[in-house]
Amino acid sequence: MTTIDRRTVLGTGALALVGAAGQAAPATAQAGPKPIFPVPATTIPIVGETDVFQVRRIYCIGRNYAAHAIERGSDPNREPPFFFQKPTDAIQNVGVGTVADHPYPSLTKNYHHEVELVAALKSGGTNISPDKALDHVYGYALGLDMTRRDLQNGMAAEKKPWEIGKSFDHAAVLGPIHPVSKVGHLTKGAISLAVNGTVRQDSSLDKMIWSVAEQIAKLSEAFELKAGDIIYSGTPENVGPVVKGDVLLCKLEGLPDMSIRIV
């Protein structure tokens with residue numbers, strides 16, 4: 001009969017524990033799946049802050065100024081609000097005091113400007129009441145909803161979705177976000193756009209058919225709004241074409257100007 005002394009037993013036990021620990025280590029290292037490649041987050045600078053606003057979704061309202069609704073062939077007194085979306089990576093950030101190069105997109109021969117107020121949300125929910133809606137707004141920016149009008153019109157004529165006319169690279173141009181704590185809520189004030197020094201769009205925010213608060217309320221009936229959502233709140237009348245070489249100057253009372261050059 002073979003005898004094993006206490007020292008051998010203890011030594012063997014220690015080796016067994018070391019071996020078990022070594023086998024368990026890889027399982028700890030493989031704690032969970034990871035992306036196979038990085039996808040950069042889309043962010044917008046915030047005036048006066050080192051932090052940035054990370055974008056979750058981009059919502060846009062259509063035909064929200066009466067005169068623009070008429071020029072697009074609809075009746076502003078009868079049409080309920082409708083919305084569409086753009087991809088988040090369509091954002092082109094434009095710094096204050098700069099003239100950013102904006103590439104003329106592919107496929108179109110009728111490229112249009114649409115200047116707009118943009119609201120950025122810090123929170124959200126569903127079925128938000130209009131009187132509480134502005135509590136969810138973090139800040140505002142000046143934006144351009146750029147549009148391949150010929151593609152939009154062509155798809156609309158065929159009763160097909162016109163995403164191709166609205167959702168493309170660099171289609172969501174905007175300046176930095178100005179927090180409500182610094183600028184308040186922008187419910188009135190002049191908004192305009194000039195091309196090469198000639199004013200084309202010239203209106204005021206109080207001519208919106210649906211206010212930003214009402215837009216948030218209506219959107220929240222169809223979607224759960226969340227922090228990081230931004231809303232393009234509609235454009236005034238006299239949208240029109242631009243070509244390479246044109247310089248666009250956007251103005252909104254209470255915010256710095258924004259400018260791009262079509263290249």
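Ile 36 sits in the loop that runs between helix H1 (6-29) and strand S1 (43-45); helices (H or I, at least four residues) and strands (E, at least two) are DSSP runs, numbered from the N terminus. The model is predicted: local features need pLDDT of at least 70, side-chain atom pairs count only at pLDDT 80 or more, and totals for chains, interfaces and linings use all residues. Residues are numbered from 1 along each chain as its sequence is written, and side-chain values use heavy atoms, with hydrogens and water left out.

Ile 36 counts as exposed because its relative accessibility is 78%. The cut-offs are under 20% relative accessible area for buried, over 50% for exposed, and partly exposed in between (1.4 Å probe, protein chains only).

## A nonpolar surface patch

Together with Phe 37 and Val 39, Ile 36 forms a nonpolar patch on the surface, with about 390 Å² of accessible area in total. Accessible areas come from the Shrake-Rupley method with a 1.4 Å probe; for residues, only the protein chains shown count as cover. Patch residues have over 30% relative accessible area and no salt bridge; like charges are joined within 9 Å, and nonpolar side chains (Val, Leu, Ile, Met, Phe, Trp, Tyr) within 5 Å. A salt bridge is a side-chain nitrogen of Lys or Arg within 4 Å of a carboxyl oxygen of Asp or Glu.

## Glu 116

Glu 116 belongs to strand S8 (residues 115-121). Glu 116 counts as buried because its relative accessibility is 1%. Between Glu 116 and Leu 144 there are 5.9 Å in space, C-alpha to C-alpha, although the two are 28 residues apart in sequence.
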